[in-house]
Amino acid sequence: MHKMNFRDFGLDKEILKALEKLEYEMPTAVQQQVIPFVLENRDIIVKSKTGSGKTASFAIPICEKIELEQRNSQVLVLTPTRELAVQVKEDIAYIGRFKKIRCAAIFGKQPIEMQKRELRQRVHVIVATPGRILDHMERKNVNLEEIKYLIIDEADEMLNMGFIDQVEAIIKTLPLNRATMLFSATMPEKIEEICNQYMIDPKRIEVDSKDSTTEKIEQAYYEVEEHRKFNLINKIIYTERPSRCIIFCNTREKVENIIRQMKNEKYSCRGLHGGMEQGERLNTMQRFKRGQFDFLVATDVAARGIHIDDVTHVINYDIPVEKESYVHRIGRTGRAGNGGIAITFVSQGDVEMLNDIEEYIKHEIPKREKEAIQEGERIFEKQITHKAKGDRSDKINREITKIRINAGKRKKMRPGDILGAISNMEGIIPKDIGIIDVQDTCSYVEIFGKKGDFVYEELQSTKIKGRIFTVKKVRFRSF
Ligand code: ADP
Ligand code: MG
């Protein structure tokens, strides 16, 4: 019964060609189940874990079904955030590229006139956030009379208090003979009740049992007081060395605050939250997807649906306010069959929420003791014992040599190149090497203890990526 090959669905060769280029060799479990129902225009409610390929499960069949010559839009996809609208639009556009399917992403804070112009052309698929598409509907900039498919991504979020009125207002204007499709990794029962009003005999598709949501993700929590959190995150970064990490906070202010502290520490990081200017939001997301910085500090605007390759760590600096949010946040790692690590900070008032989350995900999250990462701390302490008194952070500063290497991302430098070159030096072990920060045109590496000078001297004649670069000692300005 299960199709193991995209060819088995009888798809157009243009679609198959796109899938081949995207290196989608086989349909994922959710795609195997969902594609046939979409091809039959059935109403469906799909619950399947984060990273399981839900987007393509609707994008492939709708691209197949779209009639190219039809002037009015045929598909409307609703998403909760602008970043997700852009991503889903791109996913659909890739799959539909050889069939020449046109998609538009329509979301707030972008010039409305520009979108109006785009909507005047033949756009087969509109991916939108609810507020802005309503705006265009009221201004009669868009004609939704021939919508055949309404897709609500992150459906539980969209049918939640914040969005439900807008979503209802949109649905009321759509043709009744459309198919309605809901997707999410979490689908509370009350949401399913709401959707029954808009759907005709919906087929429920649930892929994987409940507890597999998180099986690829190693989870842990630390008990930590609020004012110790930043210290802890530093230690975790030193010991775990995440190569790509999302740090979730509950408020914009918190994001700004953490970013300020992380910048002081010279982490390669950027913030993302709803209070930022739109261009900056998209730019930040794009740069993170391209690997141009390592730490994204974000509110829940980045929790849902956003796919970034190889996020190794998710850290909940603040425990989420809603239990579903935990599943979505940690689901930014462990995607498409990869592993990942999710660490949650739990402070005094958070214990009840932690219990709620554990009950919801149906397993206990192991607790890690802060002592378990003492090792990272001890590296410092061992090397600073013979130093004079003063603030501990002063000592650390004095014990770290920071070296600037005159080559960065533009020269395709990667942290591993620098780590490799330095750890090859005689007498240097990986633990001597601290944070490596590769920026656009230069890189920084920190060396612990007394070996700083030695490494600095060696680097004058050590090749990195086959070349010798100018190096300079820089003053350490953090703490
Ligand atoms: P979800 O919406 O279920 O959280 P996405 O739709 O964002 O997950 O897909 C996660 C990742 O898997 C994306 O990078 C997507 O390109 C990739 N992907 C989807 N389908 C396939 C497939 N059949 N083969 C390989 N990769 C796939
Ligand atoms: Mg998704």
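Is E157 buried, partly exposed or exposed? At 24% relative accessibility, E157 counts as partly exposed, where buried means under 20% relative accessible area, exposed means over 50%, and partly exposed is in between (1.4 Å probe, protein chains only). You're looking at a predicted model, in which local features need pLDDT of at least 70 and side-chain atom pairs count only at pLDDT 80 or more, while totals for chains, interfaces and linings use all residues. Residues are numbered from 1 along each chain as its sequence is written, chains are lettered from A and ligands numbered from 1 in the order in which they are written, and side-chain values use heavy atoms, leaving out hydrogens and water.

**The whole protein**

- Along the principal axes, the C-alpha atoms fill a box of roughly 80 × 50 × 45 Å.
- Of the 479 residues, 56% are buried.
- Take the contacts (heavy atoms within 4.5 Å) between residues at least 6 apart in sequence: 75% of them join residues at least 24 apart.

**Salt bridges**

- There are 22 salt bridges, each one a side-chain nitrogen of Lys or Arg within 4 Å of a carboxyl oxygen of Asp or Glu.
- D12 pairs up with K99, their closest N and O atoms being 4.0 Å apart. This pair links distant parts of the chain, with D12 in the segment before α1 (13–21) and K99 in the loop between α4 (82–96) and β3 (103–106), 87 residues apart.
- In that pair, D12 is partly exposed at 26% relative accessible area, whereas K99 is buried at 9%.
- R139 bridges to D135, and here the closest N and O atoms are 2.9 Å apart. Both ends are partly exposed: R139 at 45% and D135 at 24%.
- R304 meets E157, with 3.7 Å between the closest N and O atoms. R304 sits in the loop between β11 (295–298) and β12 (313–316) and E157 in helix α7 (residues 155–158), so the pair ties together parts that are 147 residues apart in sequence.
- R304 itself is buried, at 9% relative accessibility.
- E154, D156, E157 and R304 are joined into one network by salt bridges that share partners.

**Helix α2**

- Helix α2 covers residues 29–39, and V30, Q31, Q32, V34, I35, F37 and V38 are buried there.
- Among the elements covering those buried residues are β1 (44–47), α3 (54–65), β5 (149–153), β6 (179–184) and β7 (203–206).
- Just after α2 comes N41, which takes a positive phi of about 60 degrees.

**T401 in strand β15**

- T401 lies in strand β15 (residues 400–405) and is buried, with a relative accessible area of 13%.
- Leaving aside neighbours within four places in sequence, T401 is in contact with V445, E446, I447, G449, G452, D453 and K473.

How values were computed
Helices (H or I, at least four residues) and strands (E, at least two) are DSSP runs, numbered from the N terminus.
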